[in-house]
Amino acid sequence: MNKELSKSLSERLWKYFTPIIESGSQLYFCFNREVIRTLFADCFAEDPLEGFFKHVSAFFEVSGERCRIKAEAFMKNDAFSLVILLVAQQVLVVEDMVNENGITEDAYFPRLRRRISPSLSEISLHPVVLEDFMKV
C-alpha cells in the first residue's frame with residue numbers, strides 16, 4: 001500500500017468537508033463519483049474512481065469469504081484519519097446500487113465484496129469481520 005497516497009487522499013477528502021465541520025453544521029459524508037474524480041484527478045494514471053477503489057482495496061486482508069481491515073486503515077496522519085477512505089468506498093457502493101437499479105435488501109453486500117476483492121464471491125454476506133466494521 002502506498003502510504004503517501006493514502007495520506008494525500010484522506011487529506012483531500014477531509015479538506016473537502018472542513019467548511020461544514022468548521023461551521024458546526026451536521027456533517028453527512030456524501031460522496032459521489034464526480035466528487036472523487038474531481039478531488040483525485042491528478043492522483044492516478046487511470047480513471048480516478050477506479051484508481052481509488054483499487055487503492056482502498058489494499059486496506060483489506062481477504063481470507064476465504066471474509067476479510068479484515070488492516071491496522072493501517074485506522075491510523076491518523078496528522079489530524080486526518082484514513083478511515084474516511086473506507087467510508088467513501090461504502091457510500092460509493094451505495095451509488096453503484098442506485099445507478100444499477102439494484103436497490104434490494106440483498107444488493108449492497110455483493111457490490112461491496114466486488115469492490116474489495118475479485119476473490120470474494122458476490123453473495124449477500126457482509127464481507128468484513130464485524131469487529132473491524134464497527135471500528136469504521
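**From surface to helices**

Reply: The protein chain exposes about 7500 Å², of which carbon and sulfur atoms supply 54%, the areas coming from the Shrake-Rupley method with a 1.4 Å probe and, for residues, with only the protein chains shown counting as cover. This is a predicted model, in which local features need pLDDT of at least 70 and side-chain atom pairs count only at pLDDT 80 or more, while totals for chains, interfaces and linings use all residues. Residues are numbered from 1 along each chain as its sequence is written, and side-chain values use heavy atoms, with hydrogens and water left out.

Me: How do you know whether the radius of gyration of the protein chain agrees with that of a compact globule?

Reply: The radius is taken over C-alpha atoms, and the globule rule is 2.2 Å times the number of residues to the power 0.38. For 136 residues a compact globule would have a value near 14 Å, and the protein chain has 15 Å, so the two agree.

Me: Why is His55 said to count as buried?

Reply: Buried means under 20% relative accessible area, exposed means over 50%, and partly exposed lies in between (1.4 Å probe, protein chains only). His55 has 9% relative accessibility, and therefore counts as buried. His55 is found in helix α3, residues 48-57, where helices (H or I, at least four residues) and strands (E, at least two) are DSSP runs numbered from the N terminus. Leaving aside neighbours within four places in sequence, His55 is in contact with Met1, Asn2, Leu5, Ser6, Leu9 and Phe44, contact meaning heavy atoms within 4.5 Å.

Me: What makes α3 mostly covered?

Reply: Seven of the 10 residues of α3 are buried, namely Pro48, Leu49, Gly51, Phe52, Phe53, His55 and Val56. These buried residues pack against several elements, including α1, α2 (33-39) and β1 (60-63).

Me: How do you know whether the span of helix α1 agrees with its number of residues?

Reply: The expected span of a helix is 1.5 Å times one less than its number of residues. Helix α1 (residues 3-23) has 21 residues and should span 30 Å, and its end C-alpha atoms are 30 Å apart, so the span agrees.

Me: What is the kink at Phe17 in α1?

Reply: The bend at a residue is the angle between axes fitted to the seven residues ending there and the seven starting there. At Phe17 the kink is about 45°, shortly before the proline Pro19. Phe17 is also one of the buried residues of α1.
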